[in-house]
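Hi everyone, thanks for coming. I'd like to walk you through one protein chain this morning, so please have a look at the screen.

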Amino acid sequence: MSYELQALIGMLELLTVAAAEVPAARVVPLAQGLALIPVTPAVLSALQGDTAVSRSVGGAGSGGAGFGGYSDGFELRLAAWSKAGPIVRVEAEYFGGGGTQRAVGWFDGRVVLGPLASGEFESAPAEGTPISRALRWLGGSVEPGRADEFDSVGLGAHRSTTEWAQG
């Protein structure tokens with residue numbers, strides 16, 4: 001069984017305001033006051049050519065964690081949104097038991113978490129997978145009877161970015 005996710009995650013209020021700037025964006029509520037915006041091709045395209053955000057927001061990019069296909073405009077928009085609160089970009093891809101995860105978090109206009117990455121067939125470190133660590137950084141926690149933050153906030157509800165976007 002496969003799993004694929006490309007998304008932005010943050011507090012519901014922050015992502016609701018952020019999504020209003022990107023007509024193709026859809027905010028999906030998660031548990032614990034969090035939400036995600038699936039990074040679909042339409043959302044990515046809208047942000048790739050983003051020249052409305054001034055380079056004055058500062059903020060280092062998230063290169064080096066295996067994230068690909070993101071322009072300066074995308075990075076600058078995340079940096080700008082993070083002035084209002086923490087936001088993370090996550091990617092996961094699994095097939096046949098192995099896979100990868102990546103996460104990077106912005107706050108106050110700059111990268112402050114990661115980039116974090118796990119490779120195919122690597123065991124999760126004691127501190128958790130990159131996405132669970134990012135969710136914890138956002139305030140997520142493990143609920144009783146749940147495996148981790150990923151499970152607790154409901155990221156297993158859909159198996160692909162497309163499914164998240166469709167609801």
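Predicted model: local features only at pLDDT ≥ 70, side-chain atom pairs only at ≥ 80, totals over all residues.

Let's start in the sheet: in which sense do strand β1 and strand β4 pair, and over how many bridges? They pair in the antiparallel sense, over nine bridges, with β1 covering residues 2-11 and β4 covering residues 87-95.

The chain has six helices and six strands, and from the N terminus the elements run β-α-β-β-α-α-β-β-β-α-α-α. The six strands make an open sheet in the order β2-β3-β1-β4-β5-β6, with antiparallel pairing. At the edges stand β2 and β6, each with a single partner strand, so one side of each has no neighbour in the sheet.

What lies on this sheet? Helix α1, residues 12-19, lies across β1, β2, β3 and β4, and runs at about 95° to β1. Helix α4, residues 130-137, also packs on the sheet, where it touches β1, β3, β4, β5 and β6. The direction of α4 makes about 25° with that of β5.

Let's stay with α4 for a moment. Which of its residues are buried? They are Pro 130, Ile 131, Ser 132, Ala 134 and Leu 135. Their cover includes strands β1, β3, β4, β5 and β6, along with helix α5. Just after α4 comes Gly 139, which takes a positive phi of about 110°.

Next, the β5 and β6 end of the sheet. These two strands, residues 98-107 and 110-118, run antiparallel and are joined by six bridges. Trp 106 stands opposite Val 111 in β6. The hairpin has two residues between the strands, and Asp 108 there has a positive phi near 55°. Phe 107 itself has 40% relative accessibility, so it counts as partly exposed.

Now for the charged residues. How many salt bridges does the structure hold? The count is six, and I'll show you three of them.

One is between Glu 91 and Arg 102, with the closest N and O atoms 2.9 Å apart. This pair links strand β4 to strand β5, and the two residues are eleven positions apart in the chain.

Another joins Glu 149 and Arg 136, at 2.8 Å from N to O. Here helix α5 is linked to helix α4, across 13 residues of chain. Glu 149 is buried at 7% relative accessible area, whereas Arg 136 is partly exposed at 36%.

The last one I'll show pairs Arg 146 with Asp 151, with the closest N and O atoms 3.3 Å apart. Arg 146 is partly exposed at 40%, and Asp 151 is partly exposed at 29%.

Finally, the chain as a whole. Of its 167 residues, 48% are buried. The chain exposes about 7,700 Å², and carbon and sulfur atoms supply 53% of that.

How values were computed: Residues numbered from 1 in each chain as written. Heavy atoms only, no water. Pairing = 2+ DSSP bridges. Helix = DSSP H or I, 4+ residues; strand = E, 2+ residues; numbered from the N terminus. Buried < 20%, exposed > 50% of the residue type's maximum accessible area, 1.4 Å probe, protein only. Contact = heavy atoms within 4.5 Å. Axes fitted to C-alpha atoms, helices over the stretch in contact; angles between N-to-C directions. Areas by Shrake-Rupley, 256 points an atom, 1.4 Å probe, with all protein chains shown as cover. Salt bridge = Lys/Arg side-chain N within 4 Å of Asp/Glu carboxyl O.
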